[in-house]
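Subject: Structure for your review

Hello,

Here is the structure I said I would pass on. My notes on it follow below.

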Amino acid sequence: MRTVAKNDLTGRARLREAALELFAERGFEATSTRAVAAAAGLSPALVTKHFGSKEGLRAAVDTHVLDRIGRELRGLEPGAELMASLGEVSARVFGADPVLRGYLRQVLLEDSEASAALFERLLSGARVEVERLAAVHGSDAMAADVGEWAPFQMLCLILGPLLLERVMQPNLNEPMFAPEVLARRSAANQTLLMRGFFGSPEEANGG
C-alpha cells in the first residue's frame with residue numbers, strides 16, 4: 001500500500017487500496033476480484049462480503065478518491081490567495097500521486113456509465129470552486145456563457161495533462177509531473193484563468 005502498511009488497514013480498506021492500484025495499472029475490465037484479493041492478501045470471498053460485487057468495489061474506490069479530493073479542497077480558506085491555493089491543491093492531488101493519476105485516466109477514458117458518473121461528480125465539485133473564485137474575484141466569471149463553461153474549462157486545464165500524458169510528454173524536456181513542472185504549469189493555469197490569453201473581456205469582444 002502507498003501510505004500505510006497493509007497490517008494497519010482494515011480488510012475492507014486493504015481491498016479498496018489494492019483495487020485502486022490495480023484499476024490504475026490495468027483498468028477495471030482487465031482486473032478480476034481474485035487479483036484484487038490476492039494483492040490485498042485476503043480471500044476473494046471478502047470482496048463480496050464487503051462490497052457485494054466488483055461494481056460495488058469500484059463505487060467504493062470512486063467515493064474514496066472523491067472524498068480525498070474533497071477533503072483537500074475543503075481545507076482551503078477563502079481570500080485573495082484562493083486561486084493560488086486552489087492551484088497548489090489541484091497540482092498536488094491530480095498530479096503528484098501516480099496511482100490516483102493512473103486511476104482517473106483509466107476511468108475517464110473507458111467510455112462507460114461509471115466514467116460518466118465520475119466526471120459528473122468532478123464537474124459538480126468544479127462548479128463549487130468556480131463559485132468560490134467568483135465570490136472572491138468578482139461575478140464576471142459567472143456571467144452568461146462564461147459561467148456555463150467555466151467548470152468544464154477548469155477541469156480541462158486540470159485533467160487534460162493527466163489524460164494526454166503519453167502524447168504530451170515527448171514534446172517536453174522534463175517529466176511533466178515532476179514537482180517543479182507541476183508548479184510552473186499550475187502558475188500558468190492561474191494566469192490563464194485570471195487574465196485570459198488576450199487581455200480583458202472587453203478587448204476579447206472588440207471593445
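Arginine 105 counts as buried, because its relative accessibility is 15% and the cut-off for buried is under 20%. Please keep in mind that this is a predicted model.

Arginine 105 belongs to a network: salt bridges with shared partners join Arg101, Arg105 and Glu165. In one of these, the side chains of glutamate 165 and arginine 105 meet at 2.9 Å, N to O. Glutamate 165 lies in helix H9 and arginine 105 in helix H6, so this pair ties together parts 60 residues apart in sequence. Arginine 101 also bridges to glutamate 165, with the closest N and O atoms 3.5 Å apart. Both arginine 101 and glutamate 165 are buried, the latter with a relative accessible area of 17%.

Helix H6 (residues 98–108) is largely enclosed by the rest of the structure, because 9 of its 11 residues are buried. Among them are Val99, Leu100, Gly102 and Tyr103. At the start of H6, a side-chain oxygen of aspartate 97 comes to within 2.9 Å of the backbone nitrogen of valine 99.

Another salt bridge, at 2.8 Å (N to O), pairs arginine 58 with glutamate 110. Arginine 58 sits in helix H4 and glutamate 110 in the loop between H6 and H7, 52 residues apart. Arginine 58 is buried at 8%, whereas glutamate 110 is partly exposed at 25%. Arginine 58 also touches other residues, including Phe23, Phe28 and Tyr103.

The whole structure has 8 salt bridges.

Regards

Methods:
Residues are numbered from 1 along each chain as its sequence is written. This is a predicted model: local features need pLDDT of at least 70, side-chain atom pairs count only at pLDDT 80 or more; totals for chains, interfaces and linings use all residues. Side-chain values use heavy atoms; hydrogens and water are left out. Buried means under 20% relative accessible area, exposed over 50%, partly exposed in between (1.4 Å probe, protein chains only). Helices (H or I, at least four residues) and strands (E, at least two) are DSSP runs, numbered from the N terminus. A polar contact is a pair of N or O atoms within 3.5 Å; within protein, one must be able to donate a hydrogen and the other to accept it, and residues adjacent in sequence count only if both atoms are side-chain atoms. Contact means heavy atoms within 4.5 Å. A salt bridge is a side-chain nitrogen of Lys or Arg within 4 Å of a carboxyl oxygen of Asp or Glu. Lists of a residue's contacts leave out its neighbours within four places in sequence.
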